[in-house]
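Take a look at the model below.

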Amino acid sequence: MTQSSGDVTKQQGGGGGDGNSGRRRMREGRRKTIQVTLNRSVSKEPSTPEDGGGTSPTTPTLEQGSLLNWAREATCGYKGVRVTNLTTTWKSGLAFSALIHRYRPDLLNFTTVSNLSSEAILSTVFELTQKELGIVSPFTAKELSSISIPDRQKTGQFLTALHAHFTSEATKSLQISPDMCYFCERHITPDELTSSNGIKFHSSCLKCEHCLDKISVTTLHFVDPKTAAEYGARRKPGYPNCSSGFYCQFHFREFFTARSTSLYPKNWLDKDSDFIDSPSSTTLDTSDTPNSDEGE
């Protein structure tokens, strides 16, 4: 018995519909599998040995995260120090040394200590914290320097004690302010410290007070407050009343030398004296000079 063309068309159409729905189900199944895999990878991160063993989560708790952020910010800029965790970061002792130097530079010379071995650095740090700060380390210097993965809980305990001491209101008055940059007002590490005329700054921050161009230590000119005030009193109208600070060679000659065209001569307030730079050598007319007294 032969089938009509209509029956054949219906069967083919029905078969095509079943194939399309099957492909849709397969695509939806793959999409769900991918989504579940992504959700699992986000919600549960695998642990790593550096973060304290196979059973500890990689992501620290909020308290540990805050502790790490504090330590990372306090040690920023110290050579050889990079705070990334509560375990292997502290094995060399440099991070502990940077923390102490950041808050109490009078107790420890970071540059000198950094040349010692890890065990010697840790021994110095632990002896100092116990004697000067009253904080006893849960590690010995030999133990911490030799162990492959330090105990994260013990490290966190010691850092928590240091944080509490250095941020306590009762001890803030005992802390010596660290070196601060004259220009950017940020902390200067020993490797970045540059000074001139008793003023400390980052070498990269050194700039002219007037034009703000970068200058070097070998070409700078420093003007103290007294000199700036004396020259400011002689400054002609229309010129800036430059303050004390560091100047490039061009603007130092422009504002603070005898040949400067921006200045009245030293005797400009004396009516009976002749001007050095006056072609006619006439006395000064006080009505044309700044800051003159009306009754004079």
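Buried means under 20% relative accessible area, exposed means over 50%, and partly exposed lies in between (1.4 Å probe, protein chains only). Thr-75 has 2% relative accessibility, so this residue counts as buried. This is a predicted model: local features need pLDDT of at least 70, side-chain atom pairs count only at pLDDT 80 or more, and totals for chains, interfaces and linings use all residues. Residues are numbered from 1 along each chain as its sequence is written, and side-chain values use heavy atoms, with hydrogens and water left out.

Where does Thr-75 lie? Its place is the loop between helix 2 (62–74) and helix 3 (94–103). Helices (H or I, at least four residues) and strands (E, at least two) are DSSP runs, numbered from the N terminus. Contact means heavy atoms within 4.5 Å. With neighbours within four places in sequence left aside, Thr-75 is in contact with Val-81, Val-83, Ala-95, Ala-98 and Leu-99.

Now turn to Arg-152. Arg-152 belongs to helix 7 (residues 152–167). Its relative accessibility is 10%, so Arg-152 counts as buried. Asn-85 is 67 residues away along the chain, yet the two C-alpha atoms are separated by 8.6 Å.

Next, the whole chain. The protein chain holds ten helices and four strands. Along the sequence they follow the pattern α-α-α-α-α-α-α-α-β-β-β-α-β-α. The chain has 296 residues, and 35% of them count as buried. Take the contacts between residues at least 6 apart in sequence: 51% of these join residues at least 24 apart. The accessible surface, from the Shrake-Rupley method with a 1.4 Å probe, comes to about 18,500 Å². Carbon and sulfur atoms account for 51% of that surface.
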